[in-house]
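Subject: Structure handover

Hello,

Here is the structure you were going to look at. My notes on it follow below.

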Amino acid sequence: MSNTTPFTIAGQTIDFPDVANGSAIKNAAKRFETAFTLPPAAAFAMSAAMVDPADVRSQLDPTDPFDHLQAIQTPDGIFLLAQPTRVWTSLVSGDGGNGRSRYAIQTASTKGTRPRPWPIGRHHKPAIIDYHPASLADMTAAVRLSAKEIRSQDLITQISRNPRGIWNPPVVVLARTYVKSDDGSVKEHWFLHTVEGSTRVEACHELTDVDPAAPLEHSDDPLEYLRDTHKRFVERFETTPTSVKALGAARAATMPALIVVAAVEGDMITPITDNYPVIINDYVESVHVQPRPFSEVAQSNVIGERFVLTLVKDGKMSTKDAEAILGRDPDITGKPSVRAANLVHTVCNAGNDSLLRDFLITEEGARLTKIRRAKLVGPLIVRQFNDAADSAERALMRAFTPDRLLSPWSISGDDSEKLRKTCIADVLAGNFNSPALAELMARGGPALCATGLLLGDQGSTVKGISALRGSVEKVVEQLAKTAGGVNVLADAVAWADNERLERPRKFDVEGNQLLDKNNDPIHFSTAWDNGNMGIRALAFTGGTIPSSDKKSTDDEPEVELTPEDRYRLTEQRLLSLLVESHTNLLDMMAAKDADGDKLIAKLGMTTAEVYSTLPDRLSKLYARYGKEDDLLASFDEDELPEAEEVEDDDLDEDLEEDDEDEEADE
């Protein structure tokens with residue numbers, strides 16, 4: 001056991017550990033180096049972080065040094081072998097590539113600089129994560145941003161109040177940063193960081209006034225930094241013995257930890273030879289799927305990254321394209337809209353369906369819906385654009401890929417002007433299935449969402465005007481059928497690829513640019529009643545925003561409706577429209593030309609799917625719900641609008657199951 005010094009802090013007796021002497025740390029490091037075949041610098045970083053390295057050293061059986069290690073099984077059947085111990089939290093870094101913070105870091109609003117998490121780690125034998133950043137400063141900046149993003153006040157309070165501080169040991173790995181300077185010189189930094197438990201260690205850093213970047217910044221001489229930090233602790237305990245915060249610092253200064261020193265195959269003997277970071281990522285992902293999930297967008301972001309890496313592994317995406325999409329390196333190549341289209345192509349390509357099912361389908365027989373595909377790559381697509389609007393996240397995690405993209409198409413990478421001219425020519429020729437229009441939809445659709453002009457399908461964002469309702473995919477599909485819509489999509493591409501600073505201009509359906517009284521071009525604004533409604537009007541109603549479905553109630557105070565009240569109002573609106581539609585139908589049947597012949601027989605009816613699908617769906621729903629049955633299956637999940645202020649995914653899953661049941665019946 002380590003030596004301790006008793007302190008009375010805030011009325012509590014604390015036996016605070018002393019720093020191990022240098023000889024004990026060095027001797028333990030040499031033992032770890034031999035027992036676990038670690039590089040000397042890694043062994044020393046591990047030994048210095050331990051509260052009592054001599055005690056850990058004594059646990060090692062010279063004939064079988066792995067015997068006492070704790071085995072942690074990963075989803076792929078690999079076992080991580082970890083040394084249980086107690087560590088100084090000031091020498092353990094959080095994870096600057098934390099799955100909960102990566103998406104927030106890469107979509108943060110910035111002024112000229114693009115923040116990024118730690119680069120994707122490489123394998124370093126025997127079980128070390130190797131980072132190759134442009135500079136150590138990149139690593140320290142990322143870990144500070146991550147600490148801020150994952151901060152939990154509840155956890156900070158719990159740790160400070162619990163006599164044991166942290167009671168659940170985080171999983172910690174050995175790591176190296178390899179920084180190559182312009183002159184060709186190389187600087188290595190060896191350190192420890194959490195892969196599971198970063199929120200806990202960052203809470204300890206806050207309680208102990210330790211900079212989240214300190215473990216990295218002081219990795220050249222961790223022992224000296226530990227001694228300085230310990231000296232500050234002692235001074236604090238002696239000068240503020242009644243402070244509750246000083247008591248919290250004492251409890252957070254050390255923590256139990258599982259330090260991974262090896263990774264072996266399922267036989268528990270054969271060491272791995274590659275892919276250690278991938279194994280760690282799979283383990284971390286599995287931990288956060290259950291029982292402590294990330295937010296939906298953070299989880300989709302993590303799974304989407306793994307999907308991209310798997311595409312590379314399977315030879316379906318180049319390493320260069322993947323690195324550009326993941327954006328973890330200093331220099332990001334390619335156009336944002338092209339990177340986004342590359343992701344769209346991967347989830348729409350039928351050749352990837354088998355892999356997509358592995359990632360997306362958890363129940364046998366479930367369909368690969370557009371929403372499932374969107375949730376896999378939506379967060380990654382948002383990340384491709386600089387300063388994407390907050391609304392893009394929701395819009396691109398719902399169905400946003402028109403049917404045309406499920407058929408073969410390719411990416412030319414042309415600039416916006418060349419793509420614009422080609423697509424307008426295709427529209428004027430009636431060639432709506434052209435490869436160029438497919439590329440424009442794949443690039444311009446996500447870009448339009450990123451501008452903040454195109455929002456998800458919600459009645460509240462179109463003043464309840466039913467004619468403007470429709471999923472993002474339907475909006476993009478209709479825009480690509482008119483010259484005006486093509487111009488807007490091309491302008492969105494130009495904005496995304498930094499060819500234009502301004503957001504898209506306004507055009508009429510024929511493609512003519514709208515000008516103000518001074519002959520200056522008019523642009524869409526991000527105000528939803530101008531941008532979203534204007535874009536949808538161009539797609540659905542010839543560019544004119546219809547009057548509201550509801551009568552004006554400006555003189556009446558706005559009353560917040562319950563979901564039940566909102567449902568009833570929607571049903572009343574439906575009934576009103578159906579009555580009006582019935583009247584219109586009767587008028588059509590009765591209409592005659594100058595010779596007295598019925599016009600419906602002469603002109604016929606426009607080919608429209610809604611004529612057959614709506615009555616069928618309506619009759620089935622009415623028949624079943626009148627008998628307390630369920631028939632949501634008659635609606636395709638991808639066609640359903642986004643529910644107002646509902647974040648739960650259960651509805652999506654229920655609808656998919658109902659769709660599958662209906663398909664089975666058919």
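Where is the place of Pro-126? Pro-126 is in the loop between strand S6 (122–124) and strand S7 (128–131); helices (H or I, at least four residues) and strands (E, at least two) are DSSP runs, numbered from the N terminus. The peptide bond that joins Lys-125 and Pro-126 is cis, with omega about 0 degrees.

The model is predicted, so local features need pLDDT of at least 70 and side-chain atom pairs count only at pLDDT 80 or more, while totals for chains, interfaces and linings use all residues. Residues are numbered from 1 along each chain as its sequence is written, and side-chain values use heavy atoms, with hydrogens and water left out.

Another backbone item is Lys-463, a residue other than glycine with a positive phi, near 55 degrees. Lys-463 is in the loop between helix H19 (435–451) and helix H20 (472–479). Most residues other than glycine have a negative phi, and most peptide bonds are trans.

Next, helix packing around H12. The axes of H4 (residues 99–106) and H12 (residues 296–313) come within 8 Å and cross at roughly 90 degrees. Axes are lines fitted to C-alpha atoms, for helices over the stretch in contact, and angles run from 0 to 180 degrees between N-to-C directions. H4 and H12 are therefore roughly perpendicular (65 to 115 degrees). On the H4 side, the residues in contact (heavy atoms within 4.5 Å) include Arg-100 and Tyr-103, and on the H12 side they include Asn-301 and Glu-305.

H12 also packs against H16 (residues 370–383), at an angle of about 90 degrees and with the axes 7 Å apart. That makes H12 roughly perpendicular to H16. Among the residues that meet there are Ile-303 and Phe-307 in H12, and Leu-376 and Leu-380 in H16.

Salt bridges (a side-chain nitrogen of Lys or Arg within 4 Å of a carboxyl oxygen of Asp or Glu) number 27 in the whole structure. One of them is between Arg-116 and Asp-138, whose closest N and O atoms are 2.7 Å apart. Arg-116 lies in the loop between H4 and S6 and Asp-138 in helix H5 (residues 136–150), so the pair ties together parts that are 22 residues apart in sequence.

Finally, the surface has a nonpolar patch, with about 840 Å² of accessible area together, whose residues include Leu-574, Met-605 and Tyr-611. Such a patch takes nonpolar side chains (Val, Leu, Ile, Met, Phe, Trp, Tyr) joined within 5 Å, from residues with over 30% relative accessible area and no salt bridge; areas come from the Shrake-Rupley method with a 1.4 Å probe, and for residues only the protein chains shown count as cover. H23 (563–590) and H25 (610–625) each give two or more residues, and H23 gives the most, with five.

Regards

Definitions and conventions
Parallel < 35°, antiparallel > 145°, perpendicular 65-115°, else oblique. Patch = residues over 30% accessible without salt bridge, like charges linked within 9 Å, V, L, I, M, F, W, Y side chains within 5 Å.
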